[in-house]
Amino acid sequence: MSEYEGLDVTVCINKSDLNLDLSEKYKKIYEKAGYKVLLTSTKLDIGIDDLKKNLLGNISVFAGPSGVGKSSLLNKVDNRLNLETGTVSNKTRRGKHTTRHIELLELDSESFILDTPGFSSLNLDFIEDETDVKDYFREINKYSQDCRFLSCLHDKEPNCAIKEKVKEGIIDEERYNNYLLLLNEVRNIRRY
Ligand SMILES: Nc1nc2c(ncn2[C@@H]2O[C@H](COP(=O)(O)OP(=O)(O)OP(=O)(O)O)[C@@H](O)[C@H]2O)c(=O)[nH]1
Ligand SMILES: [Mg+2]
Ligand SMILES: [Zn+2]
């Protein structure tokens, strides 16, 4: 969605205290895809200074699923914010939609942040055509011109450069599988 909007994205992996190995794994995956990645933990005070540095001089939006710790992170960045935080349900392991509205907060005269309500799922309605999905994966976009067919969707087509890059480990397999998942989801939206 951020690729569609052309936003300057930083991926923040919070709660890294819960599983540092897994956090490092996803940090590598998203760095390989072309993103700046921060590992943070509000419990162990990891990465907060780095996060703050990223926010200075910018207008930033904190977006992500409910309960991942967006408001908690902002409170750590500036304890004057005093934002309400919630807990994660033991049963569903999801957040409880604690933040209810979008608020513009001032960090300093040149730095603003928006805390936002977490989402529970990603709506793909903004994608108009199945051929657009590949444009929203940076690393797929990067090698698309090397495929045999210019119209290649990197799915079942022969001589596909993307599938080659996945085999070589240059494009992460999990990201590629996510691409196929979204591609098929968009195809199914169109059918009805
Ligand atoms: N283990 C761990 N828990 C954290 C961390 N950061 C936040 N939490 C916990 O995660 C829960 C949800 O935190 P919130 O800050 O309310 O999450 P949110 O993303 O703002 O949620 P919404 O407002 O519902 O979108 C709270 O119980 C926090 O204490 C962290 O770094 N490590
Ligand atoms: Mg919140
Ligand atoms: Zn291809």
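Which backbone N or O atom lies 2.9 Å from an oxygen atom of ligand 1? In this predicted model, the atom belongs to Gly69.

Gly69 contributes through its backbone, whereas the neighbouring entries in the list of contacts come from side chains. A polar atom in the side chain of Lys70 is placed 2.8 Å from an oxygen atom of ligand 1. For Ser71, a side-chain N or O atom and an oxygen atom of ligand 1 are 3.0 Å apart. On its own, ligand 1 has 670 Å² of accessible area, and the protein covers 90% of this. In total, 23 residues surround ligand 1. The closest of these are Asp17, Thr42, Ser66, Ser72 and Gly86.

Ser71 also takes part in a metal site. The magnesium ion, ligand 2, is coordinated by the OG atom of Ser71 and the OG1 atom of Thr99, at 2.0 to 2.2 Å. Ser71 belongs to helix α4 (residues 70–77), while Thr99 sits in the loop between α4 and β4 (103–108), so the pair ties together parts that are 28 residues apart in sequence.

Turning to the fold as a whole, the protein has seven helices and five strands. Along the sequence, these elements follow the pattern α-β-α-β-α-β-α-β-β-α-α-α. Taken along the principal axes, the C-alpha atoms fill a box of roughly 55 × 40 × 35 Å. The protein has 192 residues, of which 37% count as buried.

Twelve salt bridges are found in a search of the whole structure. One of them joins Glu3 and Arg138, whose closest N and O atoms are 2.7 Å apart. This pair links distant parts of the chain, with Glu3 in helix α1 (residues 2–5) and Arg138 in helix α5 (residues 138–143), 135 residues apart. Glu3 is partly exposed at a relative accessible area of 21%, and Arg138 is partly exposed at 29%.

A further salt bridge forms between the side chains of Lys25 and Glu174, with an N to O distance of 3.5 Å. Because Lys25 lies in helix α2 (residues 20–32) and Glu174 in helix α7 (residues 173–191), the pair ties together parts that are 149 residues apart in sequence. Lys25 has a relative accessible area of 38% and is partly exposed. Glu174 counts as partly exposed too, at 32% relative accessibility.

The structure holds six aromatic pairs. Among them, Tyr30 and Tyr35 form a tilted pair, with 6.4 Å from centre to centre and 55° between the planes. The angle explains the label, because planes under 30 degrees apart count as stacked and those over 60 as edge-to-face, with the rest counted as tilted. Tyr30 counts as partly exposed at 23% relative accessibility, and Tyr35 counts as buried at 10%.

Tyr4, Phe126 and Tyr136 form one aromatic cluster. Within this group, Phe126 and Tyr4 are 122 residues apart along the chain, and their C-alpha atoms are separated by 8.7 Å. Phe126 is located in the loop between β5 (111–115) and α5. With a relative accessible area of 17%, Phe126 is buried.

How values were computed. Residues numbered from 1 in each chain as written. Chains lettered and ligands numbered in written order. Predicted model: local features only at pLDDT ≥ 70, side-chain atom pairs only at ≥ 80, totals over all residues. Heavy atoms only, no water. Salt bridge = Lys/Arg side-chain N within 4 Å of Asp/Glu carboxyl O. Helix = DSSP H or I, 4+ residues; strand = E, 2+ residues; numbered from the N terminus. Buried < 20%, exposed > 50% of the residue type's maximum accessible area, 1.4 Å probe, protein only. Phe/Tyr/Trp six-rings, centres within 6.5 Å; stacked < 30°, edge-to-face > 60°. Near = heavy atom within 4 Å. Polar contact = N/O pair within 3.5 Å; in protein donor to acceptor, adjacent residues only side chain to side chain. Areas by Shrake-Rupley, 256 points an atom, 1.4 Å probe, with all protein chains shown as cover. Donors = N, O, S within 2.8 Å, 3.2 Å for Na, K, Ca; no water.
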